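Hello,

Please keep the two together when you file them.

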Amino acid sequence: MRFSELEGATVGVWGAGREVGSFARQLARRLPKARIAVAVFDSPPTLDASETLQAPDVRIVGSAEAPVALTGCDVLVRSPGVSIHRPELVALREAGVPVTTATALWLAERGGAGVIGVTGTKGKSTTAALAAHIARAAGRSVRLAGNIGAPALDLLDEDDAEVTVVELSSFHIADLDVGPEVALVTNVFREHTDWHGSEEAYRADKLRILGLPGVRVAVVGEREKRVARAHPDVEVAVFGVPGGWEASAEGISRDGEEALARSELPLHGEHNALNLCGALTALEALGIATPELRPALADFRPLAHRLETVLERDGVTWIDDSISTTPESALAALASFPGRDVILIGGGQDRGQDYAQLAHALAERGASVIGVPSTGSRLVAAAREAGVDDDHALDAVDMAGAVELSQALATTGAVVLLSPAAPSYDHYTSFEERGECFRALAQLRR
């Protein structure tokens, strides 16, 4: 379904996030014969919903009323955070009501042409930002949209760019009808099982991007190449392997020739070197020649809360990696500081994380770990069982306590690393708020 096909339609929306807000603005401006008739909220809206949705006669209902209230609508546009696996949405689809997102409507309108869609459990924001940055350095007009950048439908207000990089979560991909011309998957680990229902469903919803109509090239790491090659009509480009863009201890190379030394990379960690390889492979797939990387990346800066240096004082580096919500991402963060003493602050919302591998890595590194609620005590216990000394595996009551303990443990040359290996929603509204709390507390220390 395309956005322009909604003229004259009776529309329902579920949620009022930035995507739904963008959809409402564009609908009111561009398709005056369409109207938002029903809005569903899982909790009472804090703002004037009729004003936000630019629909003065909108009927506001709760999720229990939704299946009946929305059956008279021609389409439901959901906020990405609303799971397609909810029984209410399953019932609506079975009743013949199409369910979509604003991003899906834009992709269908564009037909995916000239679009690089970036997804993955971790690294998608950084990879999308790298792809857009390098494309601009190559002289192309570029737009960045999706989870990072503007809501996709807001691009209707701008001239078409030669390259549009869209960051797509599994929440978007689960019911996309049209994919991007180039689909890039950074990696897939266990995540978001509450939204998808199971690890298997999460993986399937994430990787369905590779076989969507409109996808010409699938760009994947070695782990996912078999899945990509199961789609015979899609060209497959693999990064991180010999013969393509590859990361090593020395740096970034193409066909065995070094393009950038490791010391020249603008980001910490091998995983970010691989993210750069993925971005370069996707740009090549779109026909964009790689510019000279040293000047192209000279002014690239890490995104906030992604291995971001927030303080260097008295020989101690404080790193905010609050985006880390899985043990795998914390492992990658830990590996980003070889040869340095690391004090890891970990813990957050409990999603049944298995901390055994992270705990063994901490023990092997001789690292310290400080746990914060809610899962920090489990991480600390696992670390002690793996061999971390009790004096270097400590529980804190909150982030302020963790920062204080970190300062006491840190010696010259150490890294204090907030990489929680858990979501933030048990104590914060977002990973951004958690990271800002850590930054403020670190900078207050004397």
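Salt bridges in the predicted model

Arg25 and Asp154 form a salt bridge, with their closest N and O atoms 3.4 Å apart. The two residues come from distant parts of the chain: Arg25 is in helix H1 (residues 18-30), while Asp154 is in the loop between strand S7 (142-146) and strand S8 (163-167), 129 residues apart. Arg25 counts as partly exposed, at 36% relative accessibility. Asp154, at 17%, counts as buried, because the cut-off for buried is under 20% relative accessible area.

A salt bridge also joins Arg30 to Asp157, where the closest N and O atoms are 2.7 Å apart. Here too the pair links distant parts of the chain, with Arg30 in helix H1 and Asp157 in the loop between S7 and S8, 127 residues apart. Arg30 is partly exposed, with a relative accessible area of 35%, and Asp157 is partly exposed at 40%. Arg30 and Asp157 also belong to a network of salt bridges that includes Arg29.

The side chains of Arg78 and Asp175 form a salt bridge with an N to O distance of 2.9 Å. Arg78 is in strand S4 (residues 75-78) and Asp175 is in the loop between helix H7 (170-173) and strand S9 (182-185), so this pair ties together parts that are 97 residues apart in sequence. Both residues, Arg78 and Asp175, are buried.

Over the whole structure, the search finds 20 salt bridges; the pairs described above are among them.

Regards

How values were computed
Residues are numbered from 1 along each chain as its sequence is written. This is a predicted model: local features need pLDDT of at least 70, side-chain atom pairs count only at pLDDT 80 or more; totals for chains, interfaces and linings use all residues. Side-chain values use heavy atoms; hydrogens and water are left out. A salt bridge is a side-chain nitrogen of Lys or Arg within 4 Å of a carboxyl oxygen of Asp or Glu. Helices (H or I, at least four residues) and strands (E, at least two) are DSSP runs, numbered from the N terminus. Buried means under 20% relative accessible area, exposed over 50%, partly exposed in between (1.4 Å probe, protein chains only).
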